Amino acid sequence: MSKDGSESPEAQLTMDRLDPGVREVISIISEYLDDTNNLSSLEDFTDGDSPSANTPTPSVYNHLSANPELAKKLHGGLKDQLKHHGEVNVEDVQEQQGPIPEPNGELRADIEEANATQIIPKDADENAKTEDSTRIDLPENSVDLIVTSPPYWKKRDYGIDDQLGQESEPDEYIDNLVAALEQWRPFLRPTGSIFLNIGDTYHNKSRVGLPGRFVPAAQEAGWTIRNDIIWAKDNGMPSSVKDRLVPRHEHIIHLVWNDDYYYDLHGYADVYGNGSNPGDVWRMNHDLNSGGHLAPFSDELVQRAITLACPPAVCTKCGEPRTRDRKRGLTNLDTSRSQAKRALEIYEESDLTEDHLRAIQAVGISDAGKAKQFQEGAGENSKEVQKLADEAKEVLGGYFREFTFPQWTTAGWTHCECEEPDYEPGVVFDPFAGSGTTIRAANELRYHAWGTDLDTSNFEKNQSLARYSE
């Protein structure tokens, strides 16, 4: 805060990038610390030090003082939220999404009460229906991305027969989970993907190894495993265990049925990797507003999956997604690298032209004196091209090679071949939707979203759509 009590623009920007719940807690604590002379830090607050008798005490302090373990957890959670939030926000993700069309009508956002292992499309053949199956309000070939976290084995009991997660043996749980994939496959478009968060557990003091059992079982059923992503988190569930380390990671398995699946690594790398492939370790935290869920995943997990694997627009006539059309620029270098930054400075200060840069790309790194491998066409360049490349090398010296592989840029987005295409936003589906994290996160990014769950009482449709309209 400034001396007159108002927030500086820098402070306001930082606060705006935090989750609403975190902002509220920080505001309450900030007001309290401003009014209390004998507390100088958040550590003092969460340690439960009592204020002086004549100091006004907010209700949050009374609550946390009576619950010291909660206070300590809040302290750790706040520190972690401040450390990890603010690096990427919703606007950053939307900037790389591509052209998302306005929906024909209201954006879809709802959760149906159904057993996710027994659902079938609303237009499924009668032969697909069994005594236990439930038709839901999604047709075949309508879903672009499934993001879900099935019930962990031997954790939550819904009190329903044949529910996933209450099997007597872990292999039976894996078999039922793979069978559920088969139930979901008719919903997926040919270009669709599944991002499945699978947690592990301990049984008879031994790690069960559920992710390791799931992957080969899914492969045996015909699925292709594109990634086994490690979800690393600092605010995992607390544990009093003394004879082993507390688990602080889970697995997110990316599955596809067809090879020609939608995938936008370019957009994802721009948001989460500074233009380079960020790798398969995602540092994220559980949602602090758990709604009673044992281990709720965060909005960021959904945002990452959508950025990678859900198209911004799909033609309702042919089902083809719009994809990013990329091209290599000439001067789009990664200036976070000192060599690239210096190379660009030398070029801009010289008399070299874009034709020189095109010649560099045509000749390739083989002429840079560093490698024996050739780009396509290298060694077969015309004399004029070679002349331009030699001129560029003379000016740039060793920085010549920086221009051989400039970064890719977006030239536009493809269109299908329909005479009058009708585009709708991509569709995200969560078969185990719970309180609706997937639905809300997808709506906020302007995608259609649908879910099923055995308990739909925790989902508020209006709240989800409110995030879309903000």
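**Exercise 1. Work out whether F187 is buried or exposed.**

Start with the cut-offs: buried means under 20% relative accessible area, exposed over 50%, and partly exposed in between, using a 1.4 Å probe and protein chains only. F187 has 0% relative accessibility, so F187 counts as buried.

A quick note before going on: this is a predicted model, where local features need pLDDT of at least 70, side-chain atom pairs count only at pLDDT 80 or more, and totals for chains, interfaces and linings use all residues. Residues are numbered from 1 along each chain as its sequence is written, and side-chain values use heavy atoms, with hydrogens and water left out.

**Exercise 2. Classify the ring pair of F187 and F429.**

Step one is the rule: rings of Phe, Tyr and Trp (its six-membered ring) pair if their centres lie within 6.5 Å; planes under 30 degrees apart are stacked, over 60 edge-to-face, and the rest tilted. Next, the centres of these two rings are 5.7 Å apart and the planes sit at 40°, so the pair is tilted.

**Exercise 3. Find what T191 touches, leaving out residues up to four places away in sequence.**

Contact here means heavy atoms within 4.5 Å. On that basis, T191 touches D260, Y261, Y262 and P321. As for its setting, T191 has 15% relative accessibility and counts as buried.

**Exercise 4. Say which ring the charged end of R185 sits over.**

For Arg, the test is CZ within 6 Å of the ring centre and within 35 degrees of the ring normal; for Lys, NZ is used. The charged end of R185 sits over the ring of W257, 3.8 Å from its centre.
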